[in-house]
Amino acid sequence: MEAKKAAAELAVERSVQDGMIVGLGTGSTAYWAIQKLGELVRQGLRIQTVATSVASEELARSLGIPQLVTADITEIDVTIDGADEVDPQWNLMKGGGGALLREKIVACASRKLVIVVDEGKLVQQLGAFPLPVEIVKFGWELTLRKLRAMGCEPALRLAADGQPVVTDNGNYLLHCRFGAIAQPAELQAALQGTPGVVESGLFIGLAREVIVGYTGGKAVSLVRA
Ligand SMILES: O=C(CO)[C@H](O)[C@H](O)COP(=O)(O)O
């Protein structure tokens, strides 16, 4: 917890200034960034925000952080979000929290995407974590078979009650075990070309800064390989 908190707080300190529009990520690391923003707002920081999930939206509301609707935004100054895996080129695997679609929309509308992770998320190659892929409900079994034919073992994400998880956007999620992903950009392009796929958790070339937190509470901004 202290590693995630340290990374998130350093990201807020380094990236957020008065007057900015800030994208709020999703997950247990982004949680700490939202908490820090709430503290700064109470102290007088003036920001407006856009959340990447209903959970982050509700957290921000509970902390009194002003929020915008997307119709009122042309560009977001900075977004602070977590990741499940980060490779040396800063390609990301995201979506463990199920929010990948809104996260990618917000990331792509941001001048700067700052990724906050603990050291366990740094990998040489993406793929140990199963790739989350958001798919539409209609024909989901057909989409699953198409993805299986692309070389992975897909499984529908289920909730504790055994029912399929439904995302904030009303879709299903597949967990796709591709193993080590040697060419993430090519895989992303292939997934995008598959009918039924809404979006994947591969974030290629989007991160502008990666901040890593360590046990003991130290955090550093990474230099890209
Ligand atoms: O992509 C995400 C949610 O969709 C999260 O940012 C990712 O799963 C990392 O989560 P955490 O910070 O809890 O480890």
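Strands E4 and E5 pair in the antiparallel sense over 2 bridges, where strands (E, at least two residues) and helices (H or I, at least four) are DSSP runs numbered from the N terminus, and two strands pair if DSSP finds at least two bridges between them. This is a predicted model, in which local features need pLDDT of at least 70 and side-chain atom pairs count only at pLDDT 80 or more, while totals for chains, interfaces and linings use all residues. Residues are numbered from 1 along each chain as its sequence is written.

**The sheet around E4 and E5**

- An open sheet is formed by 3 strands in the order E4-E5-E11, and the pairing is antiparallel. E4 and E11 stand at the edges with a single partner strand each, so one side of each is left without a neighbour in the sheet.
- Tryptophan 90 lies in the loop between strand E4 (85-86) and strand E5 (92-93), and its phi is near 65°, a positive value in a residue other than glycine. Most residues other than glycine have a negative phi.
- Tryptophan 90 counts as buried because it has 20 C-beta neighbours inside 10 Å; the term buried requires 20 or more other C-beta atoms within 10 Å of the residue's own, exposed means 12 or fewer, partly exposed lies in between, and C-beta atoms are placed from the backbone.

**Strand E9 and its partners**

- Strand E7 (residues 131-135) pairs with strand E9 (residues 172-177) in the antiparallel sense over 5 bridges, and glutamate 134 has leucine 173 in E9 as its bridge partner.
- Strand E8 (residues 153-156) is also joined to E9, by 4 bridges and in antiparallel fashion, with cysteine 176 in E9 as the bridge partner of proline 154.

- In an unreviewed entry, UniProt places the feature "active site" at Glu103; UniProt positions are given in the numbering used here, feature names are shortened, and annotations may be inferred rather than shown by experiment.
- Glutamate 103 is located in helix H4 (residues 100-108) and counts as buried, because 31 C-beta neighbours lie inside 10 Å.
- Leaving aside residues up to four places away in sequence, glutamate 103 touches Gly25, Thr26, Thr52, Asp81 and Lys94, contact meaning that the two C-beta atoms, placed from the backbone, lie within 7 Å.
- Glycine 201 is found in the loop between strand E10 (197-200) and strand E11 (202-203), and it is buried, with 30 other C-beta atoms within 10 Å.
- With residues up to four places away in sequence again not counted, the contacts of glycine 201 include Met93, Lys94, Gly95 and Leu131.

**Helix H6**

- Pro184, Leu187, Gln188 and Leu191 are buried in helix H6 (residues 184-192). Seen down the axis of H6, these buried residues fall within an arc of 100°, so they line one face of the helix; the arc is that of the directions from the helix axis to the C-beta atoms.
- Glu186 and Ala189 are exposed on the other side of H6, whereas the cover over its buried residues includes E7, E10 and E11.

**The ligand shell**

- Of the 18 residues around the ligand, Gly27, Thr29, Gly82, Gly96 and Gly97 come nearest, a residue being near a molecule or strand if its C-beta atom, placed from the backbone, lies within 6 Å of it.
- By class, this shell has 4 nonpolar, 10 polar and 4 charged residues, where Ala, Val, Leu, Ile, Met, Phe, Trp, Tyr, Cys and Pro count as nonpolar, Asp, Glu, Lys and Arg as charged, and the others, Gly among them, as polar.
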